[in-house]
Amino acid sequence: MTAPIPPVAAVREPRLWAIVGATGTGKSDLSLDLVERLSQQGIGAEIVNVDAMQFYRGMDIGTAKLPLGDRRGIPHHLFDVREVTEEAAVAWYQPLARDVITDIHARGNDAILVGGSGLYVSSVIYDFRFPPRDQDRRARLEAELAERGVGPLLARLRDIDSATAARIDVRNERRVIRALEVAEQGESNHGATLPERPELWHAHTRVLGTAVERQALVERLDRRVERMWRDGLIAEVQQLREHGLEKGVTARRAIGYAQALAQILGEISESEAIAQTQALTRRYARRQVSWFKRYAEIEWLDVLNDEPAAFLDSLDSAEGAAK
């Protein structure tokens, strides 16, 4: 008589986590704590950056990039992968991030996407497809922008794709050019919004949102900006100028860096640079919250009421871990 065949153990499917929310709400701390809590359960995990400005080498103080010594020995990916002279674009980032996540999953580990750049997050966790790029067409549009300004380009976009023109940020010349580049190829929707019914790219995805009450967040952000100047943002920008910051398309426009550069050039005072950065940071945080509120899957965690800690504690139960 043959011995009974033991049951086959279930194979655990690696998970994709996304920790999102406004700047200054503790996303990095939660990601580190989550990795350590998963490790206690025998689950490996690695962190993947989805903050567009933290892609850049040398942009540390103004982006609140977590120093190497504070990363608790946890693998971090897609930090410091661009020079300040290079452009960061969602269509560049999406395949790169997905390849990194696929490699992490191949090692049997969970991948934890961390950051507040909404379109970049959406491009990874949802089934996003981008229209092709046309470098010759883009070069022509950029030359037209330099010669005639954004007005004629925006007018042409309204004629070709009025829906995209109505929702695009007309102050963002890069977005206008990209939208027109796409529209002139006969496509619609240049990719700056979520699909109406977004589908997850990876079935085992869990999205956590860090939240801080509005007035408390404003105070946090204002103090954070002041601390950036105390910690040496001006010196950091001076050094980045030596690496071509002013030639960069994306990096030189980053909140805080543009204002620090204007201060260095004598265009505004230090107090004006700080005040402008605070106002822009507050506005950016509002946009981030609005973007992530559209995510049907998101689980909001109130940072001031210790909900992140309670959530991590819930993972210790079999029900929480298997969710």
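T23 is buried in this predicted model. Its relative accessible area is 17%, and the cut-off for buried is under 20%, so T23 falls on the buried side. T23 sits in the loop between β1 and α1, the helix of residues 27-40. Its side chain makes a polar contact with the side chain of R224, at 2.8 Å. R224 is also on the list of residues that T23 touches, beyond those up to four places away in sequence.

How many strands form it, and in what order? There are 6 strands, and the order is β3-β2-β4-β1-β5-β6. The sheet is open, and the pairing is parallel. Strands of a sheet pair through backbone hydrogen bonds, either parallel or antiparallel.

Two strands stand at the edges: β3, residues 76-77, and β6, residues 299-302. Each has a single partner strand, so one side of each is left without a neighbour in the sheet. Take the β3 edge. Its pairing with β2, residues 45-49, is parallel and runs over 2 bridges. In one of the pairs, V48 has H77 of β3 as its bridge partner. At the β6 end, a helix comes into view. Helix α12, residues 307-314, lies across β1 (16-21), β5 (205-211) and β6. Relative to β6, α12 runs at about 125°.

Next comes the interior. In soluble globular proteins, nonpolar side chains tend to be buried together. Here the largest nonpolar core has 49 residues. Those with the most contacts inside this core are M59, Y93, L113, I125 and Y295. Several elements each supply at least two residues of the core. Among them are strands β1 and β4 (110-114), and helices α3 (118-125), α8 (214-230) and α11 (270-292). Helix α2 gives the most, with 6 residues.

I125 shows how such a residue is surrounded. Leaving aside neighbours within four places in sequence, I125 is in contact with L16, A18, L113, E199, L200, W201, H202, V207 and Y295. Two of these contacts, L113 and Y295, are themselves among the residues with the most contacts inside the core.

Finally, look at the loops. Most residues other than glycine have a negative phi, and most peptide bonds are trans. A64 has a positive phi, near 55°. A64 is found in the loop between β2 and β3, and is partly exposed, with a relative accessible area of 35%.

D306 has a positive phi too, of about 60°, although it is not a glycine. D306 lies in the loop between β6 and α12. Is D306 buried or exposed? It is exposed, with a relative accessible area of 53%. The cut-off for exposed is over 50%, so D306 passes it.

L304 is found in that loop between β6 and α12 as well. L304 is partly exposed, at a relative accessible area of 44%. Which residues does L304 touch, not counting those up to four places away in sequence? They are A211, V212, E213, A216 and R220. A216 is 88 residues from L304 along the chain, but their C-alpha atoms are separated by 9.0 Å.

Methods. Residues are numbered from 1 along each chain as its sequence is written. This is a predicted model: local features need pLDDT of at least 70, side-chain atom pairs count only at pLDDT 80 or more; totals for chains, interfaces and linings use all residues. Side-chain values use heavy atoms; hydrogens and water are left out. Two strands pair if DSSP finds at least two bridges between them. Helices (H or I, at least four residues) and strands (E, at least two) are DSSP runs, numbered from the N terminus. Contact means heavy atoms within 4.5 Å. Axes are lines fitted to C-alpha atoms, for helices over the stretch in contact, and angles run from 0 to 180 degrees between N-to-C directions. Buried means under 20% relative accessible area, exposed over 50%, partly exposed in between (1.4 Å probe, protein chains only). A polar contact is a pair of N or O atoms within 3.5 Å; within protein, one must be able to donate a hydrogen and the other to accept it, and residues adjacent in sequence count only if both atoms are side-chain atoms. A nonpolar core is a set of buried Ala, Val, Leu, Ile, Met, Phe, Trp, Tyr and Cys residues joined through side-chain atoms within 4.5 Å.
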